[in-house]
Structures are given as structure tokens and as C-alpha cells.
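Reader: I should like to examine the reasoning behind several assignments in this model. Please set each value against the rule that applies to it.

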Amino acid sequence: MSEKKEGNFNRRDFIGAVAVVGTGALLASCGKSAAPKGTYLDEAPDGRPLKAALIGCGSRGTGAAGDFLRAGKDLKITVLGDLFPDQLAECRRKMAGKIDAADDHCFVGFDAFKKAIDTDVDLVLLATPPHFRAEHFAYAVEKGKHVFMEKPVAVDPVAVRSVLATAEQAKAKNLSVVTGTQRRHQREYIDTYNQVANGAIGKIVAGRAYWTQGQLWFKQRKEGWSDMEAMIRDWVNWCWLSGDHIVEQHVHNIDVINWFTGEYPSKAVGMGGRARRVTGDQYDFFTVDYTYPSGIHMLSMCRQVDGCANNVSEVIVGTDGYAFCNNGMNSIYDKTGKEIWKYTEPGEPGQEPRNKSKMSAYRQEHIDLVTAIRSDKPFNEAESTAKSTLTAIMGRISAYTGKETTWDEVMDSKMRLGPTEYALGPSDIKAEIPIPGTSKNASA
């Protein structure tokens, strides 16, 4: 088989202060320079120059670096950090002429994040495998840095609690934190949220969240790689590094349902299994029934198997209709199935209005972050993303064990995945697949 390649403002404050205004629109109101187009900023306002450190130089980190640099003027990446020298070098090659990281500001190794954060940067971009996120986030906030960090923000309950604690410290220091749940910055989603919040579908009674696709990338072990190096290079297929794909990828869809409902589930009953994965210790598919305190149920489905029906979308069901969100092609329907609203924005001169925004949500995240910093209006998403991450972890645990799992159990759990000391050498971690209903649930 051939190898695939890689591809201080919480929700309660948000609703109370601006009711139906979305993240991008809210931050647009903070701008001090050029007026935004429509209700959103296409570029962060001018202001003091900002220097950033990129920690994690793989494809996602390199992409985040590009989005940050295109978010406004006077933005620079002056520091790079990664575990592997070849990955850092590849990032420098791809970003040649775009980044300003001198040789003495490029760090490698497990402690690269500390060396990078200790430089004179204003913010850090955290894009390493999720297992390391909580420690890196804590150190960045300790050092007074604003943060962009990719989702998920943890792989286990211990790390979730760490992120929640650090989020409070960031608020106390007036630091801005934006996470990689970009749908909260995506204009189609924000406008759909506003419609739902204004009663377009009545009272929310259920939600459905889907991310079903073909097999994701993987890395076969190469000669000379130690146990630890092989796992970290193949990180997306190992539970201790990624959280399994229900956490690493499906958290996006789960987060949308949490966002729209304004709740987090109280319990979960899930199932899943492994049929075709060729590396690591993860499942290929999950289905989870989440129950929310208000009685709302969310059906959650995710799968990474070739040759199957694919679906990446969210559905929010109300008493008077439903909202359908499909990669930005967002619509609202009444109870008969008639479309009563569709996202639109002006097209280019002489063109019809478009149903999908021309602005990348990945770039909008960084526009919003830079806007918050330069406008001195701190914005912090760490808590909401940590709780959506915990929602996904709860579903994973239920599927791995075959048991009902509650929010309180997971929030109080002492589960911590992975080693406590890091070195590129042999490892005791083996690819043991959890078997529901048995005692073989080490990863659960």
C-alpha cells in the first residue's frame, strides 16, 4: 500500500454582550484603521509590528505561518522550532523570502519550544502534535505571549484541565488566544449562527455532526528511526499523540454543535472499531450518541476509510426547521424541507453573489487574533476549545470501553496518555487496539 502524505471572551460574555454578532463581526468593530468590507475585516488594522515564533514546522504549522503573515501589515515570523531538523529546514525552504528566522533563531529538539518562546517574540503559533499542546501553551502564557494554537488542545483529561487553568492565567494577563476551530471565524458559520440565535429554526432540539472521509496520511517506519521518532513522525495515527481522529479531526464538527447549543454534553454512549488502518493504535470509525443537560441529543459520526460514502457537515435541528452547514455552503430549511435562507455575500463587480466566502477561515483566525492584540481587546478561545476537546475525548473513551461515560467522570479522570519523559530512542508504547467490553482498554 502506498504511503499517503500529510495534508478573556467566553461564550456567556459573547452572548450577553453582542447577542447574535459572530466572532469575525465582533472583532471587526475593534478596528482602528481601514473600514471592514461588510461586517468583517479582510485585514487586521495597522498597528505596532508583531513578531511571532512558529513551533511545529510541519504542513499545518507552515500553513498557519503563511496565514499569519497574510493577516495584515508589519507581521513577521522571526523564530522557528521543531523536533526534527529536516522538518524545520523544509519549512524554511517553503517559506523562503517570507520568514525572517536567522540560523541562531532556529531551534530543534524536545526543548525547542522553550528556546523559541524565550526570544523577544510577541506571540507564538503552536502546531506540534496535540499531545504537547498543554505544556507548550502553559509555557507561552507564563512568558506573557499571545497564542495561536491548533486544535485539539489536548489528548487526555489531565491535559484538558491544564489548558483550562492556563486559559484563566491568560485572561488575567490580558493575553489573546485563538485556537484552530476555524468554523467560529468562518463567515458562513457566523451568519448561520446568528440566524439560529435569532430563532430561525425555533428551539434547538437535536444536532448531528459528521466527518467521514477516506484514509488519512500515514508514515511507514524507515530504517534508522527509533521507536519514538517513528511514532512522532506518524503522530496522526497514534492515540497518545493525536487523541484519535474523533479528537484530532472530528472536534471541529463537535465544536459547532456545542457552539450553537451553548451547552456541553453530560454523557456519551459510543461505539467504534478498526478494520483497515495500517499504522498506529487508533480506530477507523466512531459513532457516539451525546446527551446534553437540556435533553438535546447529538449524533456524532466520524470515519477514515477509503471507498465509503463521505460527509463533512453539521445539522442543527429545531422545532421549526433545521440549519445545514456543509463546508461553508450553509442553508436553513423549514419543517417541510423548503430552503428559507442561504448564506450569500457580494461577488466581484459584475458577478453574481456567492454562497461561499472568498475569505479563508484559516486566515480569518489570524486576522481576528492580530486585531485583538492591536486593538487591546483580549480574546480567548482556549476554554471553549478545551471543553469541545473533552467532549471528543468522552466519546472516544465510551467507544473504546463500550460503556456510558459522563462529563463529570472524564473531567475528574486522572488519565494521562504517553510518556512523561521524552527522548528519541526506544519506547514501551505498543500498538494495542482497545477492545470494548473487555479489560484491554489501556488507552481508555
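Reader: In the hairpin of E9 and E10, which residue takes a positive phi, and how many residues lie between the strands?

Author: The model is a predicted one. Five residues lie between the strands of this hairpin, and Gly 295 takes the positive phi, near 100°.

Reader: How do you know that E9 and E10 pair, and in what sense?

Author: Pairing requires at least two bridges between the strands. Strand E9 (residues 285-291) and E10 have seven, so they pair, and the sense is antiparallel. Phe 285 stands opposite Arg 303 of E10 in this arrangement.

Reader: What makes E7 and E10 a pair, and in which sense do they run?

Author: Eight bridges link strand E7 (residues 204-213) with strand E10 (residues 297-304), and at least two are required, so the two strands count as paired; the sense is parallel. Here Arg 303 of E10 is the bridge partner of Thr 212.

Reader: Why are E14 and E15 called edge strands?

Author: The sheet is open and has nine strands, in the order E14-E13-E12-E11-E7-E10-E9-E8-E15, with mixed pairing. Strand E14 (339-342) and strand E15 (405-406) each pair on one side only, and they are the edge strands. Within the sheet, strand E12 (residues 321-325) and strand E13 (residues 331-334) run antiparallel and are joined by four bridges; Asp 334 in E13 is the bridge partner of Gly 321.

Reader: Which helices lie across strands of this sheet?

Author: Helix H8 (residues 187-197) lies across E7, strand E11 (311-318), E12, E13 and E14, at about 170° to E12. H14 lies across strand E8 (267-273), E9 and E15, at about 60° to E8.

Reader: What makes Cys 91 and Cys 302 buried?

Author: The cut-off for buried is under 20% relative accessible area. Cys 91 has 2% relative accessibility and therefore counts as buried. Cys 302 also stands at 2%, so it is buried by this cut-off.

Reader: How do you know that the length of H7 agrees with its number of residues?

Author: Helix H7 (residues 157-172) has 16 residues, which at 1.5 Å a residue should span 22 Å; the end C-alpha atoms are 23 Å apart, and therefore the two values agree. Buried residues of H7 include Val 160, Val 163, Leu 164 and Ala 167. The buried residues of H7 pack against helix H6 (133-142), strand E5 (146-149), strand E6 (177-179), helix H14 (382-401) and helix H15 (407-412). Asn 174, which follows H7, has a positive phi near 60°.

Reader: Why is H12 described as mostly covered?

Author: Helix H12 (residues 251-261) has eleven residues, and eleven of them are buried. Among them are His 252, Asn 253, Asp 255 and Trp 259. Gly 262 follows H12 and has a positive phi, near 75°.

Reader: Is Gln 364 buried or exposed, and what does this residue touch?

Author: Gln 364, in helix H13 (residues 361-374), has a relative accessible area of 0%, so it is buried. Leaving aside residues up to four places away in sequence, Gln 364 touches Leu 41, His 185, Arg 187 and Met 359.

Reader: What makes the approach of Gln 364 to Arg 187 a polar contact?

Author: The limit for such a contact is 3.5 Å between N or O atoms. The side chains of Gln 364 and Arg 187 are joined at 3.0 Å, so the pair falls within that limit.

Terms used
Residues numbered from 1 in each chain as written. Predicted model: local features only at pLDDT ≥ 70, side-chain atom pairs only at ≥ 80, totals over all residues. Heavy atoms only, no water. Buried < 20%, exposed > 50% of the residue type's maximum accessible area, 1.4 Å probe, protein only. Expected span 1.5 Å × (residues − 1). Contact = heavy atoms within 4.5 Å. Polar contact = N/O pair within 3.5 Å; in protein donor to acceptor, adjacent residues only side chain to side chain. Axes fitted to C-alpha atoms, helices over the stretch in contact; angles between N-to-C directions.
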